[in-house]
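Subject: Structure for your review

Dear colleague,

Please find below the structure that I am handing over to you.

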Amino acid sequence: MAGPWWRQCRRWSTNCTGTTLFETLWHMNSRSASTLGRTSWSSGPGNEKRPSGLPSETNLKSLHLTSSITRHKFRLLDPKLQTSCCCRTIHSDAKPKDPFTLAQKDLKSLYDDIRKELFVSKEELKDLCDYYFDGKGKAIRPMIVVLMARALNIHSNRAGDLLPGQRAIAMISEMIHTASLVHDDVIDGSDKRRGKRTINEMWGERKAILAGDFILSAASMALARIGNITVVKVLSQVIEDLVRGEFMQLGSKENENERFKHYLEKTFKKTASLIANSCKAVSILVNSDPEVHEIAYQYGKNVGIAFQLVDDVLDFTSGASQLGKPSAADLKLGLATGPVLFACQQFPELHAMIMRRFSSKGDVDRAWQYVLQSDGVQQTNFLAQRYCQEAIRQISMLRPSAERDALIRLTEMVLTRDK
């Protein structure tokens, strides 16, 4: 992973000084149109296991040609865009609204609606299922879904108001996410989540597993009521990805070149798939154009991966009180995340620790120190920035709206969060 693209990433990062990250990404958005399509992995000559959705040296050489082609595509999607996909060009005098404020009205009764979906007569099961739906969560996923739905409705020449099915998808996304957390805590043996004791710590593992299953079943019933087979297929993929991602997390790759691919693929399946497919699902309900579906999917995918990369950084840089869970949690679970994988370039001793999943005495403390002494945290942040840049490029293809610009603003918030 120390090849030409990572050197390019370092050079790019040095140009970010003197402006806010949001401004830098917005300006770079109009210069980076060569990063087309899904982020996939190629093993062609000179491109061993490099994410092809991110610019290689060859792609950078053809930047001017592909950017002109892409600008033409933007104009086809939105005739109002005359010169560039750069949102600052379009809304030079408008400051993007805060995403949380803009989505607040639609999210106001979200947790009440979820608790209605989980209504059961058995008191203990009700308490278990309601435990995380207390209205104190950040509701990041439903917020993204709501903003995406409104932006897509405006793009599709409709009123911005949510369709009932779109609002249901926002609710379902939070239910699937929470069910996955309940199951993850059982697998990891975690005793803290969101600053309070986990369900498995409070009620035991067996009841926690059943509670997670019940939340998933209620989400599935709500999904069926939407009545759109394509949407059902798209969101069912999320549950499959969550299971596959968990299995990937239980394993590790001996081949160092495959290790980063494994990490990013696992990150997509465990975190980004839910956001990507939820965004795609709300687009299906309002627009029949596959290109619009892909824009929604790609925005969710790139923001989701960036979100998890930043989360992996915070495991090394934030205290337990900020995170709501113990710091160095990933190392203690035997997981090698982005900062560790980047640190391997400077401290090869980490390779052996990764293969034994930091199980020997002193491994966690030594790995922690190696990461902090390396540029692993910095490089992971740079990678998250690149994914956010691609998310901006994708969402900028939609017709201008306050919701679209709030989704752009959200990418900065993802990168600068501290918990």
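The count of salt bridges in this structure comes to 19. Please keep in mind that the model is a predicted one. Side chains of opposite charge can pair when their charged atoms come close.

Salt bridges

Arg167 and Asp113 form a salt bridge through their side chains, with a distance of 2.8 Å from N to O. The two residues belong to distant parts of the chain, since Arg167 is in helix 10 and Asp113 is in helix 7 (residues 110-117), and 54 residues separate them. Arg167 has a relative accessibility of 22%, and it therefore counts as partly exposed.

A salt bridge also joins the side chains of Asp134 and Lys196, at 2.9 Å from N to O. This pair, too, links distant parts of the chain: Asp134 is in the loop between helix 8 (123-130) and helix 9, while Lys196 is in strand 4 (residues 196-197), 62 residues apart. Asp134 counts as partly exposed because its relative accessibility is 33%. Lys196 is likewise partly exposed, with a relative accessible area of 23%.

In a further salt bridge, the closest N and O atoms of Asp311 and Arg417 are 3.3 Å apart. Asp311 lies in helix 15 and Arg417 in the segment after helix 22 (402-416), so this pair ties together parts of the chain that are 106 residues apart in sequence. Why does Arg417 count as buried? Its relative accessibility is 15%, and buried means under 20%.

Finally, a network of salt bridges links Asp106, Arg150 and Asp161.

The chain as a whole

The protein chain has 419 residues, of which 56% count as buried. Its secondary structure consists of 22 helices and four strands. Among the contacts in the chain with a separation of 6 or more, 74% are between residues 24 or more positions apart. The accessible surface comes to about 18200 Å², and carbon and sulfur atoms account for 52% of that surface.

The nonpolar cores

The largest nonpolar core has 97 residues, and the members that touch the most others are Ile144, Met148, Tyr299 and Leu350. Helix 15 (residues 290-317) supplies the largest share of this core, namely 14 residues. A second, separate core has eight residues, including Leu128, Tyr132, Val182 and Ala211.

Which residues does Tyr299 contact, leaving aside its neighbours within four places in sequence? They are Ile144, Met148, Ala391, Gln394, Ile395, Leu407, Ile408, Leu410 and Thr411.

Gly212 is part of helix 12 (residues 205-226). Its relative accessibility is 0%, so Gly212 counts as buried. Apart from neighbours within four places in sequence, Gly212 is in contact with Ala179, Val182 and His183. In sequence, Gly212 and Val182 are 30 residues apart, yet in space their C-alpha atoms are 5.6 Å apart. Val182 is also one of the residues in the second core.

Ser156 is located in the loop between helix 9 (140-155) and helix 10 (164-188). Ser156 is buried because its relative accessible area is 16%. Its side chain reaches the backbone oxygen of Leu152 at 2.8 Å. When neighbours within four places in sequence are left aside, Ser156 is in contact with Val286 and Asn287.

A nonpolar patch on the surface

On the surface, Ile187, Val243, Phe247 and Leu250 form a nonpolar patch, and their accessible area together is about 430 Å². Helix 13 (residues 229-250) gives the most to this patch, with three residues.

With kind regards

Terms used: Residues are numbered from 1 along each chain as its sequence is written. This is a predicted model: local features need pLDDT of at least 70, side-chain atom pairs count only at pLDDT 80 or more; totals for chains, interfaces and linings use all residues. Side-chain values use heavy atoms; hydrogens and water are left out. Buried means under 20% relative accessible area, exposed over 50%, partly exposed in between (1.4 Å probe, protein chains only). Contact means heavy atoms within 4.5 Å. A nonpolar core is a set of buried Ala, Val, Leu, Ile, Met, Phe, Trp, Tyr and Cys residues joined through side-chain atoms within 4.5 Å. Accessible areas come from the Shrake-Rupley method with a 1.4 Å probe; for residues, only the protein chains shown count as cover. Patches are made of residues with over 30% relative accessible area and no salt bridge: like charges are joined within 9 Å, nonpolar side chains (Val, Leu, Ile, Met, Phe, Trp, Tyr) within 5 Å. A salt bridge is a side-chain nitrogen of Lys or Arg within 4 Å of a carboxyl oxygen of Asp or Glu. A polar contact is a pair of N or O atoms within 3.5 Å; within protein, one must be able to donate a hydrogen and the other to accept it, and residues adjacent in sequence count only if both atoms are side-chain atoms.
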